[in-house]
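Please look over the sequence and the model shown here before reading on.

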Amino acid sequence: MNKLLKPSAFNAELTIPSSKSYMQRAVALSILADGQSTLVNPDFSNDSRAGLGIAKTLGCDVQELEGRISVTGIRDIRNTTVSVGEAGLGLRLFTPVCALFGREMTIEGHGTLLTRPMNMLEQPMKELGADISLTNGSYAPIHIHSGIRGGNVEIDGSESSQFLTGLLVALPLAENDSVLTVKNLKSLPYVQMTIDIIKKFGGEIINEDFKVFRIKGRQKYTATEYIVEGDWSSAAAHLVAGATSGKAVVRGLNPDSLQADKAVLEVLRSCGADVRVSDNEITIEKKELKAFDFDATNCPDLFPVLASLAASCEGDSHIKGVTRLAHKESDRANAIKDEFQKIGIKVLLDGDIMTITGGKIHGAKVSSHKDHRMAMSMAVCALNADGIIEVDNAECVGKSYPRFWDDYENSVVSR
């Protein structure tokens, strides 16, 4: 599906979807918990639905009710092949979780996930007692041959914190105690999120400055009612659209959230947008915008939409953290450079720094690279373009935000 996006003013008033990051963690913990958990305000993005699909496939009783989902945990499994769809977090999270069952299992993926290397999982899993093998040595499907037992292991956190999240969720239920030593940890806020939700399900992680994690084995998770908070990643595109092209009033966000992408507010303030925060809503209005410098190492998903913000700022903006972008849904650094060049915006890549020079945005036909974040960033750019921007494979937004185009189109006003 291609989208033809006209230059428009932006006037949004909406409630943002729930966090798929929290939702997937909550589903995994509900699978492992004793009893029936209730997830209030659930997310229904493709990634979250894949997590619920895993719960059903494994044998959990999953009931979808209005505004909530109940998941009854299991201790034995019904099926030994599960699919995470295109969810990178899902693959890295559910591999350790499925390894708890001590059965031969296969974890499948689809689409762009099949091109994303996962070889960082293999050696640590083996050191923790779980024999696994990857397709062609690096990719999904992942085959689990024996269960995870716990132990001491060192892992590299420079590429992603998602595998660490999977280990933190799984190891409290392992047979033995564990000590995880983590080097070069990036995306630290996501690890904070993981520890926070584990605690809500009754688990305990001893965290020593996010470098050493001590985990007692043979713990139990307790079923709970868990409210899934709004998703700052999904909100970011609307907030930036308000700052560059009009106004956005966004509800459903937690101003005190641990989510990494809450940092979008910091950037909007630094470049001169009118930012107002209350307990119930975030309001952003357009003002004259100046270039900004920001370190996105811990929140790499913000890169595409921050590039859209920079395109409407006066001067050169610098975003650090380019090395975090290579193995996302697309090669995001080069995708941003190539697609922004098509619309007349200069992007320079120099090591870990991306420099975007604000200027006149032109109409063009661009590629989403089947990357939901890229499609949303192009939607923001289109608001201030001098002609139509056509985005291919626009349905890819369903990965994280299925109703994005409806919310966007209900917010644009013809100039």
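**A guided reading of the model**

Asn384 has a relative accessible area of 19% and therefore counts as buried, the limit being under 20%. The model in which this value was computed is a predicted one. Asn384 belongs to the loop that runs between helix 11 (372-383) and strand 23 (389-391). When neighbours within four places in sequence are set aside, the contacts of Asn384 are Thr244, Ser245, Ser312, Ile361 and Arg415.

Gly35 is situated between helix 1 (20-32) and strand 3 (36-40). The relative accessibility of Gly35 is 36%, so this residue counts as partly exposed. Apart from neighbours within four places in sequence, Gly35 is in contact with Val71, Thr72, Gly73 and Ala223. Leu89 stands 54 residues away from Gly35 in sequence, and their C-alpha atoms are 25 Å apart in space.

Two strand residues may be considered next. Met105 is part of strand 7 (residues 105-108), and its relative accessibility of 1% means that Met105 counts as buried. Beyond neighbours within four places in sequence, the residues in contact with Met105 are Leu58, Ile77, Asn79, Thr80, Cys98, Ile142, His143 and Ile144. Ser146 lies 41 residues from Met105 along the chain, yet the separation of their C-alpha atoms is 8.7 Å. Thr355, for its part, belongs to strand 21 (residues 353-357). Thr355 is likewise classed as buried, because its relative accessible area is 14%. With residues up to four places away in sequence left out, Thr355 touches Asp316, Ser317 and His318, together with Lys346, Val347 and Leu348.

The backbone also deserves attention. Between Ala140 and Pro141 the peptide bond is cis, with omega at about 0 degrees. Pro141 falls within strand 9 (residues 139-144). Positive phi values occur at Phe210 and Arg218, neither of which is a glycine. For Phe210 the angle is about 55 degrees, and this residue sits in the loop between strand 12 and strand 13 (212-215). For Arg218 phi is near 60 degrees, and the residue occupies the loop between strand 13 and strand 14.

The whole structure contains eight aromatic pairs. In one of them, formed by Phe201 and Tyr226, the ring centres are 6.2 Å apart and the planes meet at 40 degrees, so the pair is tilted. Phe201 is in the loop between helix 6 (188-200) and strand 12 (206-208), while Tyr226 is in strand 14 (residues 225-227); the pair therefore ties together parts that are 25 residues apart in sequence. Phe201 counts as buried because its relative accessibility is 1%, and Tyr226 is buried with a relative accessible area of 6%. Elsewhere, ring pairs join Phe10, Tyr401, Phe404, Trp405 and Tyr408 into a cluster.

These details can now be set within the whole chain. The protein chain comprises twelve helices and 24 strands. Its C-alpha trace spans about 60 × 45 × 40 Å along the principal axes. How does its radius of gyration relate to that of a compact globule? For 415 residues such a globule would have a radius of gyration near 22 Å, and the 21 Å of the protein chain agrees with this.

Of the 415 residues, 59% are buried. Taking the contacts between residues at least 6 apart in sequence, 73% join residues at least 24 apart. The accessible surface of the protein chain amounts to about 15700 Å², and carbon and sulfur atoms account for 44% of that area.

Technical notes:
Residues numbered from 1 in each chain as written. Predicted model: local features only at pLDDT ≥ 70, side-chain atom pairs only at ≥ 80, totals over all residues. Heavy atoms only, no water. Helix = DSSP H or I, 4+ residues; strand = E, 2+ residues; numbered from the N terminus. Rg over C-alpha atoms; globule rule 2.2 N^0.38 Å. Buried < 20%, exposed > 50% of the residue type's maximum accessible area, 1.4 Å probe, protein only. Contact = heavy atoms within 4.5 Å. Areas by Shrake-Rupley, 256 points an atom, 1.4 Å probe, with all protein chains shown as cover. Phe/Tyr/Trp six-rings, centres within 6.5 Å; stacked < 30°, edge-to-face > 60°.
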